[in-house]
Structure formats: structure tokens, C-alpha cells
Amino acid sequence: MKQETESVHMKLVVAIVSNDDSNTTAHALTKKHFQVTKLASTGGFLRAGNTTLLIGCKEAQVPQVLDILQEYSSKRQEMMPNTAGYDMGTIANAPIEISVGGATVFVLDVDQFYKL
Ligand code: 2BA
């Protein structure tokens, strides 16, 4: 008979985040003692790479995980230099605002959990 690791009230948080945010987010989670698995994934619509984070935790810890995801991976606006006219000799273009990041998060019940 296999010995089940404690799974009562356990959740699996599946978070799809941008590659650019994946390291800082995973690092912040690990620093708070959450166990994280990073999977290289690809969005079906854009067919661009993204990162899927798997975080198994107690139900009571889910809000803390969501807070960290919100802090390090949520969608926000950033300014970046507008280089569109550089090759035509103009350098004084106004910076442009771009949307970066974003997290798609599923919180699943864990039925059974083993470390074999
Ligand atoms: P988001 O909705 O922020 O989704 C970002 C990525 O999260 C998706 O990448 C996909 O990998 C994952 N994802 C989102 N919702 C999911 C779900 N219900 N189940 C499983 N995975 C999910 P992409 O598929 O490449 O989509 C990139 C962005 O393109 C999406 O950003 C959304 O703004 C847009 N998009 C996706 N599907 C669309 C569609 N059918 N029509 C119009 N826009 C779409």
C-alpha cells in the first residue's frame, strides 16, 4: 500500500505567465517556501512561448500564491524607447507604452498526492 502524502485541502495552482516574468515569479515563490515546477509551454493562439508554473500548496496558502503571482506576473503597462525612425535618421521619437506580462491562473483540487 502506497503511503499518501498529506493531500487534504491541498490545491494545485496552475499559472501560465510570460517567459520574461517566469524567473522572478518562481524565485519569489521559492523564497516564500512554496514548491514550484516550471514548464516550458506554448500558447495555442499566438503560438509563442510562455511558462506554466505548477504550485502545490495548502488551500489556506492559495491567497498568498495569488498575491505573489499578482505582484510579479500581472499585466501592466511599461514605457519603452520608440526606435521606429532610427534607421531613417530620426532619434527623437516619443517613447511608446506597451502591455507586458499577464497571468492565467487555474486553482484545482488535489485528489491524491504522492511522493514515491
Ligand atoms: P491571455 O488570455 O492572457 O492568455 C495567455 C496564455 O494563457 C494563452 O496564450 C494560453 O497559453 C493560456 N491560456 C489562457 N486562457 C487559457 C485557457 N482557458 N485554457 C488554457 N490555457 C489558457 P495564447 O493562446 O497564445 O493567447 C495569447 C492571447 O491571445 C490571450 O491572452 C488572449 O488575449 C488572446 N487570445 C487567445 N485566444 C484567443 C481567441 N480565440 N480569440 C481572440 N483572442 C485570443
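Ser73 sits in helix H2, and in this predicted model it makes a handy starting point for a look around. Ser73 is buried, as its relative accessible area is 0%.

**Around Ser73**
- Leaving aside residues up to four places away in sequence, Ser73 touches Val17, Asp21, Thr25, Ile68, Gly101, Gly102 and Ala103.
- One of these contacts, Ile68, is itself among the buried residues of H2.

**Helix H2**
- Helix H2 covers residues 62-73, and its twelve residues should span 16 Å at 1.5 Å a residue; the end C-alpha atoms are 16 Å apart, so the two values agree.
- Val62, Val65, Ile68, Leu69 and Ser73 are the buried residues of H2.
- Because these residues cover an arc of only 120 degrees around the axis, they lie on the same side of H2.
- Asp67, Gln70 and Glu71 are exposed, on the face of H2 turned away from its buried side.
- Packing against the buried residues of H2 are helix H1 (19-31) and the strands S1 (10-17), S3 (49-58), S4 (76-80) and S6 (103-109).

**Strand pairing around S3**
- S3, one of the strands packed against by H2, pairs with S1 in the antiparallel sense over eight bridges.
- Within that pairing, Leu12 has Gly56 in S3 as its bridge partner.
- S3 also runs antiparallel to strand S2 (residues 35-42), joined to it by eight bridges.
- Here Thr37 stands opposite Leu54 in S3.
- The hairpin of S2 and S3 has six residues between the strands, and in it Arg47 takes a positive phi near 55 degrees.

Conventions. Residues are numbered from 1 along each chain as its sequence is written. This is a predicted model: local features need pLDDT of at least 70, side-chain atom pairs count only at pLDDT 80 or more; totals for chains, interfaces and linings use all residues. Side-chain values use heavy atoms; hydrogens and water are left out. Helices (H or I, at least four residues) and strands (E, at least two) are DSSP runs, numbered from the N terminus. The expected span of a helix is 1.5 Å times one less than its number of residues. Buried means under 20% relative accessible area, exposed over 50%, partly exposed in between (1.4 Å probe, protein chains only). The arc is that of the directions from the helix axis to the C-beta atoms. Contact means heavy atoms within 4.5 Å. Two strands pair if DSSP finds at least two bridges between them.
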